[in-house]
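Hi everyone, thanks for making time.

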Amino acid sequence: MLGFLSARQTGLDDPLRLRRVESTRRVLGLELNKDRDVERIHGNGINTLDIEPVEGRYMLSGGSDGVIVLYDLENSSRQPYYTCKAVCSVDRNHPDVHKYSVETVQWYPHDTGMFTSSSFDKTLKVWDTNTLQAADVFNFEETVYSHHMSPVATKHCLVAVGTRGPKVTDKKYWQFPGHRVLNMSWQLQVLTVE
């Protein structure tokens, strides 16, 4: 690692090479937690997870079956091995369930009372966590691949939506002509479109 840093400092190596090497090292070091499990609710695969940033206690999951599940990660049993229980879910019988695969779920960065989800059904939904009802639904003409809210924004609630013609929405749409976006994220106040 020090060799990569030295080469980077002297300008002999490309910054992306160091980034790739470090990312690869971290990924290869990942392992599953043997003490914690999650209650199985989804009938098919899970596409997306998000842990709320306020307390780090609740996790959302979105599945290929269109179902969204909210889990409590707290170990209330105080046992060394425990299963995180599902608090509630937007299942196939829910009136606001996504018709197709949920591609992204994300907590509102400053409050656990709201989260967003997007789906291959061409919608972005804003959810009230307390009532588990869709507070707002944004319909798009194209498939929604992903979305992301800025984690540091306090004066607006812009949501970047990744479609074949990506948009940033705040009841208005800004477009990025000529781009097909499968992934996007906010970094400070800059939107990264990949």
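Before the numbers, a word on terms: a pocket here is an open set of grid points where a 1.4 Å probe fits, with protein on both sides within 12 Å along at least five of seven lines. Please also keep in mind that this is a predicted model.

So, how much space lies in the largest pocket? About 430 Å³. Its lining comes from 19 residues, and D37, V38, R40, L49 and M59 are the ones nearest the centre. Sorted by class, the lining of the largest pocket has 10 nonpolar residues, five charged and four polar.

β1 runs parallel to strand β5, residues 82-90, and three bridges join the two. On that side, R36 stands opposite Y82 of β5. β5 also pairs with strand β4, residues 68-72, this time in the antiparallel sense and over five bridges.

Let's go across it strand by strand. β6 and β7 (residues 114-119) are joined by five bridges, and W107 has F115 in β7 as its bridge partner. From β7 we cross to β8 over six bridges, with S118 partnered by L124 in β8. These two strands form a hairpin with three residues between them, and K122 in the turn has a positive phi of about 70°.

What about β8 itself, residues 123-128? Five of its six residues are buried, so β8 is largely enclosed by the rest of the structure. For that count, buried means under 20% relative accessible area.

Finally, β8 to β9: six bridges again, running antiparallel, and V126 finds its bridge partner in D136 of β9. This is a hairpin too, with four residues between the strands, and L132 in the turn has a positive phi of about 55°.

That's my tour; happy to take questions.

Notes: Residues numbered from 1 in each chain as written. Predicted model: local features only at pLDDT ≥ 70, side-chain atom pairs only at ≥ 80, totals over all residues. Heavy atoms only, no water. 1 Å grid on protein atoms, 1.4 Å probe; cavity = no way out; pocket = protein on both sides within 12 Å on 5 of 7 lines; lining within 4 Å. Points joined across faces, edges and corners; volume = space filled by probe spheres on them. Nonpolar A, V, L, I, M, F, W, Y, C, P; charged D, E, K, R; others polar. Pairing = 2+ DSSP bridges. Buried < 20%, exposed > 50% of the residue type's maximum accessible area, 1.4 Å probe, protein only.
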